[in-house]
Amino acid sequence: MTPTDSALLLTAPVAVPLAAAAAHAVAWRRAAASGGTAPGHRLTQWAGLLAPAAILVSAVVLAASVPSHGPVTAYGRLLRADGLSVWMLLVVGAVALLALAASPGYLAGERAAGHTDEAGAQRYHALVPAFLAAMCLALLAANLGVVWVAIEATTIVTAFLVGHRHTRTSVEAAWKYVVICSAGIALAFLGTVLVYYAARQAGVSEASALDWPTLAARADRLDPAVTRLGMALVVLGFGAKAGLVPLHAWLPDAHSQAPAPVSALMSGVLPAVSFTALLRFKVIADTALGTGYTRALLAAVALLTLCLSAALLLAQRDYKRMLAYSSMEHMSVIALGAAIGSPAVMSAALLHIAGHGLAKTVAFCSSGHILRLRGTTRIGRVRGLLAQSPALGAVFGLAVVALLGMPPFSLFASEVGIVRGGYAGGLGWAVSPALALVLLAFAALGYRTGRMVLGPPQPAGRPGDAPHALGAVAAAPLVAGLVACAALGTALGPLSDLLSAAAAITAGR
């Protein structure tokens with residue numbers, strides 16, 4: 001691969017979404033100047049798919065080269081793609097393509113219900129690609145300081161998306177999101193500064209003190225006490241964006257108030273992108289301190305998050321918040337996999353990230369259609385989805401089945417891999433209570449979803465009902481997401497080499 005090709009492939013996932021955001025920002029200003037009444041353009045709405053398509057195409061081309069030829073760099077090693085970043089780029093591209101394919105239908109429903117106008121729709125189309133650009137930069141930046149800046153940028157952009165409807169509840173959720181995640185990202189900043197200080201004290205040059213490959217190669221020279229404190233702050237800070245305790249309280253509010261496709265992105269990939277940054281620091285800490293420190297830290301955080309999410313799932317009465325707490329459950333399973341840390345378990349954890357992203361995207365996008373159909377997010381007021389809207393009920397039900405870790409979906413294979421690796425790696429003391437808590441969450445999620453999907457149809461004419469059927473265009477991305485999740489659970493095919501390369505990086509190999 002030539003330097004020009006490398007630069008193009010590493011630039012496109014950031015530059016194309018930014019260009020799309022700029023184009024929609026201009027349209028937003030024009031619509032706002034006309035009072036938000038300018039007619040929407042269907043072609044413009046679907047052009048939003050160019051950004052995730054560029055991310056996905058770049059990731060596919062990189063996936064064909066990186067496992068066999070090694071990392072690709074550009075701009076003096078400012079941007080770098082290794083197996084881990086390419087795997088995550090594939091996940092971001094696939095999830096974003098599904099979510100943005102569902103966006104035109106969602107926004108049409110919002111306009112029909114009077115919740116937004118043309119200016120609001122263009123604002124949405126401008127902010128979502130900017131969100132994607134920030135996540136891609138966090139994955140491709142070689143400098144840990146730039147990674148921190150990119151993850152902070154996701155907070156700024158998505159805060160406006162959470163408050164999209166401008167209701168009191170959505171604005172409150174947006175502010176809660178900003179305050180808690182800003183506190184978390186401040187802790188991550190302090191942890192990054194401490195790692196920089198330890199690197200400088202170890203003789204690493206100023207220009208390379210936050211360069212991840214350099215730090216990973218020289219981590220054995222870092223001061224253990226400083227690195228230990230820095231890693232603890234990083235786990236708390238980036239763990240906040242990943243939905244891990246103790247800075248998790250923003251997640252259910254933000255996910256329940258954001259537009260359904262944005263909830264899919266915030267649940268399916270944003271926590272995983274933040275956790276990827278945490279994994280980069282873990283590689284450094286494991287070399288400097290040994291694996292015991294981060295293993296104990298991540299296992300404790302995972303069990304606490306799992307315990308809390310399972311308890312809250314039992315008491316949940318709102319189906320969007322139910323899906324949000326399910327995200328916390330799955331991120332805690334991924335954190336437990338990272339605590340175990342062997343290459344085989346890290347392969348399972350990364351596969352879990354992909355499967356969860358696809359299944360949760362389908363679930364959240366389906367929830368937007370359920371909201372249009374029933375006019376409520378209350379679980380108790382949704383009954384007989386299969387009878388009233390068979391396609392919608394089937395898609396939503398299968399998405400939850402995938403999230404429950406049932407075969408043939410990939411979450412079954414990944415959870416089995418994490419459990420087996422945990423017992424083999426001597427972490428039975430953590431895996432056993434985790435299994436019990438996962439079964440508790442399984443029961444809560446399965447019971448509540450069964451009550452929504454099964455049973456006789458809701459009587460016609462109830463307040464809040466709206467005629468709505470899941471058409472072929474709206475169903476296509478949802479079905480594609482389920483098929484992709486099932487395909488990952490049966491055969492990885494050409495992705496197996498990439499997954500192995502990504503797992504080797506996270507395991508410090």
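User: Which elements do the buried residues of α20 pack against?
Analyst: In this predicted model, the buried residues of α20 include Ala475, Pro477, Leu478 and Gly481. Further along the helix, Leu482, Cys485, Ala486 and Leu488 are also buried. The elements against which these buried residues pack are α4 (83-112), α15 (343-374), α17 (390-403), α18 (410-424) and α21 (495-506).

User: How far apart are the end C-alpha atoms of helix α20?
Analyst: Helix α20 covers residues 472-490, a run of 19 residues. At 1.5 Å a residue, the helix should span 27 Å. The distance in the model agrees with this, the end C-alpha atoms being 26 Å apart.

User: How many residues apart in sequence are the parts tied together by the pair Glu110 and Arg165?
Analyst: The side chains of Glu110 and Arg165 meet in a salt bridge, at 2.8 Å from N to O. Glu110 lies in helix α4, whereas Arg165 lies in the loop between α6 (144-162) and α7 (168-201), so the pair ties together parts whose separation in sequence is 55 residues.

User: Is Lys282 buried or exposed?
Analyst: Lys282 forms a salt bridge with Asp286, with the closest N and O atoms 2.8 Å apart. Both residues lie in helix α12 (residues 270-289), 4 residues apart, about one turn of the helix. The cut-off for a buried residue is under 20% relative accessible area. Because its relative accessibility is 3%, Lys282 counts as buried.

User: Which residues are linked with Arg80 in a network of salt bridges?
Analyst: Arg80 is buried, with a relative accessible area of 17%. Its salt bridge with Asp82 has the closest N and O atoms 2.9 Å apart. The residues linked with Arg80 in the network are Asp82 and Arg280.

Note on methods
Residues numbered from 1 in each chain as written. Predicted model: local features only at pLDDT ≥ 70, side-chain atom pairs only at ≥ 80, totals over all residues. Heavy atoms only, no water. Helix = DSSP H or I, 4+ residues; strand = E, 2+ residues; numbered from the N terminus. Expected span 1.5 Å × (residues − 1). Buried < 20%, exposed > 50% of the residue type's maximum accessible area, 1.4 Å probe, protein only. Contact = heavy atoms within 4.5 Å. Salt bridge = Lys/Arg side-chain N within 4 Å of Asp/Glu carboxyl O.
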